[in-house]
Amino acid sequence: KMAAAAGAAAAAGLWSEVNRCGQNGDFARALKSVNKILQISKDDVTALQCKVVCLIQNGNFKEALGVINTHTKVLTSDIIAFEKAYCEYRLNRIECALKTIQSASQQTDKLKELYGQVLYRLERYDDCLAAYRDLIRNSQDEYEEERKTNLSAVVAAQSTWEKVVPEDLGLREATYELCYNSACALIGQGKLNEAMKKLQKAEELCRQSLSEDSDVTEEDIEAELAIIHGQMAYIMQLQGRTEDALQLYNQIIKLKPTDVGLLAVIANNIITINKDQNVFDSKKKVKLTNAEGVEHKLSKKQLQAIEFNKALLAMYTNQADQCRKLSASLQSQSPEHLLPVLIQAAQLCREKQHAKAVGLLQDFADQHPANAAEIKLTMAQLKIAQGSVTKACMILRSIEELQHKPGMVSALVTMYSHEEDIDSAIEVFTQAIQWYQQFQASQTRGANPKSPVHLSLIREAANFKLKHGRKKEAISDLEELWKQNPKDVHTLAQLISAYSLVDPEKAKVLSKHLPSSDAMSLKVDVDALENSHGATYVRKKAGKLTGDNQQKEQGQGEVKKKKKKKKGKLPKNYDPKVTPDPERWLPMRERSYYRGRKKGKKKDQVGRGTQGLTTAGSSELDASRTASSPPTSPRPGSGAAVSATSNVIPPRHQKPAGAPATKKKQQQKKKKGAKGGW
């Protein structure tokens, strides 16, 4: 009894310690006291609950969940449902958390709050919206503002990911979180300018609210504003202001925010701006998208977009195997999605395997008829790239839901015209016109009014047939147009022109329907028209022509005065006795007597080779070996000397035979640069 009393006293002291630590927020110390209590009484329900709470407060969710699962007999779902579901939620076991909440016998307010968060993470936005509306309606406490913020976040997600037009919740945008969520909803609707104004307001409110706290630094404010600035940059990117967006994205990255989801989105957006350029920067940014925990911060569509861009980057960087691996993985995750198969086809085209790419697209179109139209358009583009225009036309005509569209008709007619297949082009027009006739008949219960698109197609068909000489075929189209609008003078004129070659009598009959010249007269200022630039030019030209005709009629015998030709100028050194060079009109290099440049020939020959070595041309320049010239210096023992009056030119003053005379300017330059003899 004394031991039991001592234990009870010790437990009471420990409980008071736990209570005091809990009030002070010292959960680590409280946990130690709880563990001591459990040593005294290991199945104490309250102690186990306190231990779980202390572990959660310290961030040890896995350990807390382990305690709950170990003591399932004591900690039943009715007692510990919220704590268990919260641990599962924080450990990103969202499906398990949902099951725990739904299995709880009593739905407390705490469980309802957590239920809303779980539904948001599971992207079940309709159910989440209903849960938060119920919470706001049935609860009144200090957390009402947070619930409204969460409600606006759900509406923004619906607008962004499900393209649902958000309803006006009537929330007063008094906080920057509400303004931010409202801006995201506007971005989802494509109202970019309004969204930018909301973000600017959110930035202003954020600065005001945070600057009131003296402990908050400017760096903390910038970190909090990072997500707002990220959305601003995204709007700039959507508006085509890529340089501004890129600058803002890089500023956010330099701040090194702790939100890995924000960094991943910004890195992905930079990669989309870079595209196939600046791939080294894109490779660095990809690392940010692979950070730990990113998959729990982003929505499924965001993660999918990042994976698509990784596959495209692998293709642009010629990593074919990596590209195929990523696109195959994406296709297995979303078999009905277009992008994975398009990326695979693009990679095959880069490898010059066009036939294989077309086969891949054809298989996908057969398996997913709902997406066949877009796939067949891509197939047609590949065929055109290969030069198979006719095959591309066949593929386009197989898209039944687009056959009658004006854009498709125009494309097919242009392609057939390029291939000079006029009959097929006319057939395309005929099929489209028939489709509109049947559609109009079904809509108007047998009446035969023509829609603007229908009439436009008939007119284009008529013009095309007239252009290519098919006047007989154009007549029926023109008659149909004139029947719809008898006052259309242009159509009537075309019809008369067509009949004039086929049935002239019919053309005369129709010409009676043309308005008279008086009725067609327009209010035109004749004087202003005649004084215009074009009219004066035509009038002057016409005057010249009429003047020439009058001269021909009046004086056919008169001989026109011939203009005297001016004598050509002769060169200054022209000598009439010397026959001009017949090759003087050719460039110097192309003349038969051109021997190349002689300048610097001696200079090139002197000083080459080893000391004492003689060159091949030195014997020609040696005057002592020529018969006509004496030695440059007297030989030993001989009394002969060079006379001062001798006519023999020393070697220094000799010129090679046939060398052209140099100009005076060149001689002057040589004299200035001379520094002595040989």
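**Exercise 1: a helix and its length**

The expected span here is 1.5 Å times one less than the number of residues. Helices are DSSP runs of H or I with at least four residues, strands are runs of E with at least two, and both are numbered from the N terminus.

Before going on, a word on the model: it is predicted, local features need pLDDT of at least 70, side-chain atom pairs count only at pLDDT 80 or more, and totals for chains, interfaces and linings use all residues. Residues are numbered from 1 along each chain as its sequence is written, and side-chain values use heavy atoms, with hydrogens and water left out.

Task: find which residues of helix 25 are buried, and what they pack against.

Solution, step by step:
- Start with the cut-offs: buried means under 20% relative accessible area, exposed means over 50%, and partly exposed is in between (1.4 Å probe, protein chains only).
- In helix 25, the buried residues are Ala474, Ile475, Asp477, Leu478, Leu481 and Trp482.
- They pack against helix 24 (452-467), helix 26 (489-502) and helix 27 (504-511), where contact means heavy atoms within 4.5 Å.
- Now pick out serine 476, which also sits in helix 25. Serine 476 counts as partly exposed because its relative accessible area is 44%.
- Finally, serine 476 and leucine 495 are 19 residues apart along the chain, and their C-alpha atoms are separated by 9.1 Å.

**Exercise 2: another helix**

Task: compare the span of helix 20 with the expected one, then see what covers its buried residues.

Solution, step by step:
- Helix 20 (residues 372-386) has 15 residues and runs 21 Å from its first C-alpha to its last, close to the expected 21 Å.
- Its buried residues are Ala372, Ala373, Ile375, Lys376, Met379, Ala380, Leu382 and Lys383.
- The cover over them includes helix 18 (338-350), helix 19 (354-367) and helix 21 (389-397).
- Just after helix 20 comes glycine 387, with a positive phi of about 90°.
- Step over to helix 18, where you'll find leucine 348. Leucine 348 is buried, since its relative accessibility is 11%.
- Skipping neighbours within four places in sequence, leucine 348 touches Gln353, Lys356, Ala357 and Leu360.

**Exercise 3: two helices crossing**

Task: describe how helix 13 passes helix 14.

Solution, step by step:
- Two packed helices are described by the angle between their axes and the distance between the axes.
- The axes of helix 13 (residues 242-255) and helix 14 (residues 260-274) come within 10 Å and cross at roughly 150°. Axes are lines fitted to C-alpha atoms, for helices over the stretch in contact, and angles run from 0 to 180 degrees between N-to-C directions.
- The crossing is left-handed, meaning that the near helix is turned anticlockwise from the far one by less than a right angle; clockwise would be right-handed.
- From helix 13, the residues in the contact are Thr242, Ala245, Leu246, Tyr249, Asn250, Ile252 and Ile253, and they meet Leu262, Leu263, Ile266, Asn269, Ile270 and Ile273 of helix 14.
- Sorted by type, the contact has ten nonpolar residues, three polar and no charged. Here Ala, Val, Leu, Ile, Met, Phe, Trp, Tyr, Cys and Pro count as nonpolar, Asp, Glu, Lys and Arg as charged, and the others, Gly among them, as polar.

**Exercise 4: two asparagines**

Task: are asparagine 92 and asparagine 318 buried, partly exposed or exposed?

Solution, step by step:
- Most residues other than glycine have a negative phi.
- Asparagine 92 isn't a glycine, yet its phi is positive, about 60°. Asparagine 92 lies in the loop between helix 5 (77-90) and helix 6 (94-103), and it is partly exposed because its relative accessibility is 29%.
- Asparagine 318 has a positive phi of about 60° too, though it is not a glycine. It belongs to the loop between helix 16 (300-316) and helix 17, and with a relative accessible area of 61% it is exposed.
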